[in-house]
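Me: I would like to learn how to read the features of a protein model. Could we go through one together, step by step?

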Amino acid sequence: MRVLLAEDQGMVREALAALLSLEGDLEVVAQVARGDEVAAAVTAHRVDVAVLDIEMPGMTGIDACAEVRRVRPGTKVVIATTFGRPGYLRRAMESGADAFLVKDAPAAELAEAIRRVLRGEKVIDPTLAAAALSEGANPLTGRERDVLAAAADGAVNADIAARLHLSEGTVRNYLSMAIQKTAARNRAEAVRVAREKGWL
């Protein structure tokens, strides 16, 4: 089974590669440190399973998962993250992930998850699954998420409007809805709440 590891922390990635290589039926054929390198590596190395971190430079693991689905649909995707946020789980499943695990699980569990997804199973951390069910769906629309994400670095409405090709009034409306839906007092608090819940 040919495995790709995508993890921006070199020491973590190499340790994981070493542990997985101890499994007789798994071979780590590629390692990348950036999300925007995943799809090309998956194609170049004919990867069976891609193990992706969520937070990486260039592109999130969730977006990289969607890219893998587009360029090589037969490749299975396992998301392994430090951030066990219910919103991340829901977004990962929507992007086509086959498994969602937290990194504090033993390496043997990851190896078994890889085998299970190759058999066609879905593997989800049970604690996260319960949290995601109790949390409910992400109330933010795609456009509200885009505008809120653009506001995260402190950009003013005019800059956000220019970046997203919207009018300033539309940006104000999206921000107002995002603030309301996150029960926040302002945009900065809305960004914080949305990130904590894994909605951004």
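Me: What volume does the largest pocket have?

Reply: Keep in mind that this is a predicted model. Rolling a probe the size of a water molecule over the atoms shows where empty space is left. Here the largest pocket has a volume of about 280 Å³. Its lining has 19 residues, and those closest to the pocket's centre are L16, A80, K103, A105 and L110.

Me: Which elements give two or more residues to that lining?

Reply: They are the strands β1 (2-6), β3 (49-52) and β5 (99-102), together with the helices α1 (10-21) and α5 (107-118). The largest share comes from α1, with five residues.

Me: How much space lies in the second largest pocket, and which residues line it?

Reply: The second largest pocket holds about 230 Å³ of space. Its lining is made of I54, E55, M56, T60, I62, D63, Y88, R91, E94, S95, R145 and L200. The most comes from α4, which gives three.

Me: Which residue does UniProt list as a modified residue?

Reply: An unreviewed UniProt entry lists D53 for "modified residue: 4-aspartylphosphate". In the model, D53 sits in the loop between β3 and α3.

Me: Is D53 buried or exposed, and how do I tell?

Reply: Look at the relative accessible area and compare it with the cut-off: buried means under 20%. D53 has a value of 4%, so D53 is buried.

Me: Which residues is D53 in contact with, leaving aside its neighbours within four places in sequence?

Reply: With those neighbours set aside, D53 is in contact with A6, E7, D8, G61, A80, T81 and K103. Two of these names, A80 and K103, were also among the residues closest to the centre of the largest pocket.

Me: How is the chain divided into domains?

Reply: Domain 1 covers residues 2-132, and domain 2 covers 142-197. Taken over C-alpha atoms, the centres of the two domains are 30 Å apart.

Me: Which residues have a positive phi without being glycine?

Reply: One of them is H165, with a phi of about 60 degrees. H165 lies in the loop between α8 (157-164) and α9 (168-181). Another is A183, whose phi is near 55 degrees. A183 belongs to the loop between α9 and α10 (187-196).

Me: Are H165 and A183 buried or exposed?

Reply: The cut-off for exposed is over 50%. H165 has 72% relative accessibility, so H165 counts as exposed. A183 counts as exposed too, because its value is 66%.

Me: How far apart in space are L19 and A107?

Reply: Positions in sequence and distances in space are read separately. L19 and A107 are 88 residues apart in sequence, while their C-alpha atoms are 6.7 Å apart. L19 is part of helix α1. At 43% relative accessibility, L19 counts as partly exposed.

Key
Residues numbered from 1 in each chain as written. Predicted model: local features only at pLDDT ≥ 70, side-chain atom pairs only at ≥ 80, totals over all residues. Heavy atoms only, no water. 1 Å grid on protein atoms, 1.4 Å probe; cavity = no way out; pocket = protein on both sides within 12 Å on 5 of 7 lines; lining within 4 Å. Points joined across faces, edges and corners; volume = space filled by probe spheres on them. Helix = DSSP H or I, 4+ residues; strand = E, 2+ residues; numbered from the N terminus. UniProt positions renumbered as here; feature names shortened; annotations may be inferred. Buried < 20%, exposed > 50% of the residue type's maximum accessible area, 1.4 Å probe, protein only. Contact = heavy atoms within 4.5 Å. Domains from an automatic or database assignment.
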